[in-house]
Amino acid sequence: MTGEISIRGLVKPVGGILAKIEAAKRAGVKKVLIPKDNYQESFKEYDIEIIPVEHIKEVIENAILQENKRVIIDKEISDVGILTASNL
């Protein structure tokens, strides 16, 4: 994944996308998430899945989607614990 996220969760465009895709291919990555504003039709010719996203929700969905099944994280907030200044 590459990009920058706004305070409202929008994925903003970044530079160097072609180099990042090439590096991902060389590293054996099968799927790359990029900002939608950086997407080019020529990316369809690559032998790697390039997914344009425009919101953090899409990033999370694509990052945790495994074999068309959603991974559900079910943890109570009380189980996580909260670190406070007094705990230090």
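Phe43 counts as buried, at 2% relative accessibility; here buried means under 20% relative accessible area, exposed over 50%, and partly exposed in between, with a 1.4 Å probe and protein chains only. The model is predicted, so to speak of local features requires pLDDT of at least 70 and side-chain atom pairs count only at pLDDT 80 or more, while totals for chains, interfaces and linings use all residues. Residues are numbered from 1 along each chain as its sequence is written, and side-chain values use heavy atoms, with hydrogens and water left out.

Phe43 also takes part in ring pairing. Rings of Phe, Tyr and Trp (its six-membered ring) pair if their centres lie within 6.5 Å; planes under 30 degrees apart count as stacked, over 60 as edge-to-face and the rest as tilted. The structure holds two aromatic pairs. In one, the ring centres of Tyr39 and Phe43 are 5.5 Å apart and the planes stand at 80°, so this pair is edge-to-face. Phe43 also pairs edge-to-face with Tyr46, at 5.8 Å centre to centre and 75° between the planes. Together, these ring pairs link Tyr39, Phe43 and Tyr46 into a cluster.

The next stop is helix H1, residues 17-26. Helices (H or I, at least four residues) and strands (E, at least two) are DSSP runs, numbered from the N terminus. Ile17, Ile21 and Ala24 are buried in H1. Seen down the helix axis, the buried residues fall within an arc of 60°, so they line one face of H1; the arc is that of the directions from the helix axis to the C-beta atoms. Ala19 and Arg26, on the other side of H1, are exposed. The buried residues of H1 pack against strands S3 (31-35) and S4 (49-53), where contact means heavy atoms within 4.5 Å. After H1 comes Gly28, with a positive phi near 90°.
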